[in-house]
Amino acid sequence: MEFYIALFSYHLKLSNLFSSATNSERVIRRALRLAVIALFGFPGFSACPAQTPDFTQKSLEDLMNIEVTSVSKREQKTAEAAAAVFVITREDIHRSGALNIPDLLRMVPGLDVAQIDVGNWAISARGFNGQYSNKLLVLIDGRTVYSPIFAGVFWDSQNVPLSSIERIEVIRGPGAAVWGSNAVNGVINIITLSAKDTKGGYIAAGAGNSTVGPETVSYGGKAPKVGAYRVTAEGFHVSALPTMAGLDGQDDWRLVQGGFRVDSTLSARDSLTSEGDIYQGNAGEIAFIPLSLQPPENATVALRNRYSGGDLLMRWKRTLSPESQTSLQVYFDRTTRSDSTYNIGQNNFDVDFQHHILLGDRQDIVWGLGYRVSSDEIDPTLRISATPQDRRTQLFSLFAQDEIAILPNRVHLSLGARLEHNDFTRFALQPSGRLVWTPDSRNSVWGAVSAADRIPARSDTDFRVNFEALPGPGNMPILVSLFGNPNQKNEQVTAFETGYRTILTSRFSLDSTVFYNRYRDLVSLEPGTISLETNPAPVHLLMPETFGNSLFGETHGIEAFANWKVTSFWTLNPGYTFFSIHLHEFGGSQDGSIPGTQGGSPDHQAQLRSSVSLPHNLQWNASAYFVNRLPAQSVPSYTRFDTGLNWAVGERVSLSLVGQNLLKNLHPESSGPDSTVQSGLMRRTAYAKITWSF
Amino acid sequence: MHLRANNSTKEPHLRQASIAAWGFGLLCTVLLLLGVPQSARGQSTADEYEVKAAFLFHFAQLTNWPAGALDAGGSSLNLCIFDDEPRRQELENTLDGKVVGGRVLHVRPMRQLQEFKNCNIFFLSRDEAQRQTAIVKSLRGMPVLTVGETANFLSDGGMIRFHLEEGKVRFDINLGAADSAQLKISSQLLLLATSVTGVAKADGGM
């Protein structure tokens, strides 16, 4: 009976969800309804016993041989965190059938993931999405992969073999007090498995109608005096997509990567993690670029982005006492990127110290110091140049956070702030206050007020991008150029968030967040005065546009998702996101970018993921993602449907079959105005994968 | 190329979606025909706290309480946890209603220390470390089998402590604490323990 009530309320929820449904949305609703009816319409089905494996039937000796998945305290605490947190677990990764991190991130409610072409994605939370989404901070094992040149993440070169990932924590909303600047609208933390958890060999091979790979080889073991180690190599090739104009996008993408991780126990109190990567890859794109000031001035050409890099990280953790731990992390990261129109190199060196201390029963304090030095070389080309050509910048930071148990296990207040000094805009203070109230084990309510800054990148302050040349009056060419502004200020947000989590029954839990953000000093594009320019020759008219900080605005939204264990073998995860944005100009700004930003993030997103465990070690997963249209980009609304079947053939071998984008072949997900590439049309794909552990 | 593109794509979109809908339904039917999967868990690893709950079941079976100690609970054997114990769900799912020595095992969430008088077993997961010392102290000498997880659980006066070794559950026993509470822990359990401390004459040994 309870089931039918749950089913009914589920129907209601779906109807509300799609109440402003267009035709295609209605079809999705029908699809979901049909699926639910198909499952429940059969007599006796709902009567099937809810059964989890009964371990009490096993002997102690057998129990001692079962390997358990251990959930760390930090992860467990997400249920009571005073922030909008979503964790992608290993199990989620296994079930998703995703081939890369961006596809995996689609399951995170509140994230907007739109693929631009084969290797480029626009990924953001709470608006401002684009190829260079500059308000989302991404870290891999504590190493930032947010580019201080372009202010954004190059998803095509940030590869982590999915089999090495322990979990991905996604925090929506500002995280700057703890994670640092640029965590304005969210933080993505990709955390890899300890080498202690990956003993033995692992081989994965796969292929499909548009991909070869990723082929992965990994081997882990234990070396005397060193500790647990793992070496991994991965490579793949993804074939090109057609462009919106129906032409070959020539954007095929290939990457090879090798990496290692060593986890050593130095003493009872000290542990050391060392890890590193090297990678090399290339991806094509079609771009409109200026060639010269003489006709033909511009051309749409196929370019090939070539990138390579490497990084090395060490983290030393020391337990001073059960109440006090320190961690010291050092890393170096080098990356280069080029095509025929630009050539850049970037080095990051970062030192980070943290001290975690429990003061009495009530206070849980984390404080830390950080230093980062970034240096780059930007070779000038007709398209992109920088002044100065090479630059070294430093970032100093100091942060502290105190979580105070006002009423232990009932009311916790967390106060934190980060003070940073950077070479572009000097000091920035980013505070946050969070309160969580847990009246009982099934409910928790939280609220937060926090501030975060997006500090300027080289592209904001030092770049000159020549967009196009035009034939002008009297045979004098016109060059349209975008200039960085050395006086760019930080983009700032003050965010107000509140959330509610509830475990309604042992089978149904709900997590919802409402936010209201106020932004100021957002980047604007201001047209400058036309002037004569002699370099590059010949003499031409320069039509400049310069960055400013003349926009402000508000966003608000709702993010909700649920976990419904329909039966012991079937789990459903519905999710819904509403988003609204209003930007304004001030100070006589002549900016024209507002419609593009406002219409570049969907107002409605909904998802439904289903996972079914079948007999014979089979597992069937399906997910549908609805994304409403992007008016500024003429991208119509779409529903993406992915499904996969996993079969654990034995202890060591598993097979999977995955279909992606099954509903509609060749549709766009993004064609951002800030994107430098021609967007591709997403293709219906299928692939098969085999993995072997030994 | 702008909004018109939206309209022109609507019809095939519709058709494909309804095909998918029927496909979805069909798959569900196939699922049903395959039978109701009872043991359909292809996982080689298990949830840590479901396994630990099974250990607790065995601990209950292999412990002898002093005469009269179990009377307070009537015909039930009470395993107590804090009402906001984060592992409550796993413990309840695995243990509630199981029969141990003719008594029905009940997982009892408690709010305050005073309520712990009716407990026969008390479990404190590692996330409850902050309250550990006070609890273990107040239960000292009482016939309550205390099971915990943190490094200093036994030195605080707890009886059995879980730890993980290469992802597998292991446990240590503080026999001295059990003895002073007049609890008799079966030798079968002592043999399987990684270490046994508080043994008379070999205090702190192993």
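Okay, quick definition to start: a helix crossing is left-handed if the near helix is turned anticlockwise from the far one by less than a right angle, and right-handed if clockwise.

Housekeeping next. This is a predicted model, so local features need pLDDT of at least 70 and side-chain atom pairs count only at pLDDT 80 or more, while totals for chains, interfaces and linings use all residues. Residues are numbered from 1 along each chain as its sequence is written, with chains lettered from A and ligands numbered from 1 in the order in which they are written.

So, that crossing. In chain B, helix H3 (residues 48–61) packs on helix H4 (residues 88–95) at about 50°, their axes 8 Å apart. Helices here are DSSP runs of H or I, at least four residues, and strands are runs of E, at least two, numbered from the N terminus. The axes are lines fitted to C-alpha atoms over the stretch in contact, and angles run from 0 to 180 degrees between N-to-C directions. That angle makes H3(B) oblique to H4(B); under 35 degrees would be roughly parallel, over 145 roughly antiparallel, 65 to 115 roughly perpendicular, and the rest is oblique. The crossing of H3(B) and H4(B) is right-handed. On the H3(B) side, the contact residues include B:Tyr49, B:Ala53 and B:Phe57, and on the H4(B) side they include B:Leu91 and B:Leu95. Contact means C-beta atoms, placed from the backbone, within 7 Å.

Over to chain A, which has nine helices and 34 strands. Of its 694 residues, 45% count as buried. Buried is 20 or more other C-beta atoms within 10 Å of the residue's own, exposed is 12 or fewer, and partly exposed is in between, again with C-beta atoms placed from the backbone.

Another cis bond runs from A:Asn535 to A:Pro536, omega near 5°, with A:Pro536 in the loop between S27 (531–533) and S28 (540–567) of chain A.

Then, which residues have positive phi without being glycine? A:Ala151, near 55°, and A:Arg426, near 65°. A:Ala151 is in the loop between S6 (143–144) and S7 (165–172) of chain A, and counts as buried because 21 other C-beta atoms lie within 10 Å. A:Arg426 lies in strand S21 (residues 426–440) of chain A and is exposed, because it has 9 C-beta neighbours inside 10 Å.

Key: Contact = placed C-beta atoms within 7 Å.
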